[in-house]
Amino acid sequence: MDTRIRPYDPDTDRDALWALKTGFERGLGTGTGGHEKAKLYDAKLNDEYREGYLEWVERCLTEEPGAVTVAERNTVDGEDLPTSGQGTQLVGYVFVLPESLAYIWDSAVLNEIYVTPNYRGTGVSDGLMSAAIEVAEGQDLPLERLVLDVDRENDRAQAFYERHGFDHWGEMVSRSLE
């Protein structure tokens with residue numbers, strides 16, 4: 001599977017990034033946390049959230065042009081993948097927050113990484129992770145670290161991050177605000 005890693009282009013990739021983002025969010029909701037979590041994550045994926053998310057991505061790109069990197073392949077008929085305006089299909093993305101948001105964790109923050117199911121295990125995620133590390137290494141950080149949040153029940157993701165040198169650095173908890 002021939003893929004190319006390149007910077008996200010908001011002029012041509014916007015719809016395809018949104019399609020990948022919905023896959024990312026639904027994966028968070030269904031693989032871990034039970035039916036209520038899946039329902040909660042799915043319910044937020046409306047038009048208002050879409051516009052807010054894509055506007056936020058573009059604000060982040062203003063500060064950090066490499067914040068979002070995509071993996072693309074040439075269009076193949078018959079495969080249901082998000083198509084960019086460049087006539088290619090996007091099969092994954094990674095999103096590193098800009099340096100100004102590093103004080104959230106005093107480190108670079110890998111906000112999202114997602115690869116469509118058919119491209120998992122093909123090396124696409126390794127290429128995206130390399131791009132994310134390169135962006136993070138270019139940031140001026142309080143702590144020279146790259147952090148991310150991964151569900152403790154997601155063994156596949158945890159093994160991937162461990163293979164890329166990540167180790168346990170605390171644990172996130174949450175509560176409802178309703």
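**Reading ring pairs and strands**

Author: The structure, a predicted model, holds six aromatic pairs.

Reader: How are the rings of Tyr49 and Tyr53 arranged, stacked or edge-to-face?

Author: One considers the angle between the ring planes, and planes under 30 degrees apart count as stacked. The planes of Tyr49 and Tyr53 lie at 10°, with the ring centres 6.4 Å apart, so this pair is stacked. Both residues belong to helix α3 (residues 47–63), where being four residues apart separates them by about one helical turn. Ring pairs also link Trp18 with Tyr49 and Tyr53 into a cluster.

Reader: Is Tyr53 buried or exposed?

Author: Buried means under 20% relative accessible area. Tyr53, at 5%, therefore counts as buried, whereas Tyr49 has 25% and is partly exposed.

Reader: Which parts does the pair of Trp56 and Phe95 tie together?

Author: Trp56 lies in helix α3 and Phe95 in strand β3, so the pair ties together parts that are 39 residues apart in sequence. The ring centres of Trp56 and Phe95 are 5.1 Å apart and the planes stand at 55°, so the pair is tilted. Phe95 is buried at 0% relative accessibility, and Trp56 is partly exposed at 27%.

Reader: How many bridges join strand β3 to β4?

Author: Strand β3 (residues 88–96) and β4 run antiparallel and are joined by five bridges. Val96 has Leu110 in β4 as its bridge partner. On its way from β4 to β5 the chain passes through helix α4 (residues 124–137), and this β-α-β crossover is right-handed.

Reader: Why is strand β4 described as largely enclosed?

Author: Seven of the eight residues of β4 (residues 108–115) are buried, so the rest of the structure largely encloses this strand.

Methods:
Residues numbered from 1 in each chain as written. Predicted model: local features only at pLDDT ≥ 70, side-chain atom pairs only at ≥ 80, totals over all residues. Heavy atoms only, no water. Buried < 20%, exposed > 50% of the residue type's maximum accessible area, 1.4 Å probe, protein only. Helix = DSSP H or I, 4+ residues; strand = E, 2+ residues; numbered from the N terminus. Pairing = 2+ DSSP bridges. Right-handed = clockwise from strand over helix to strand, strands pointing away. Phe/Tyr/Trp six-rings, centres within 6.5 Å; stacked < 30°, edge-to-face > 60°.
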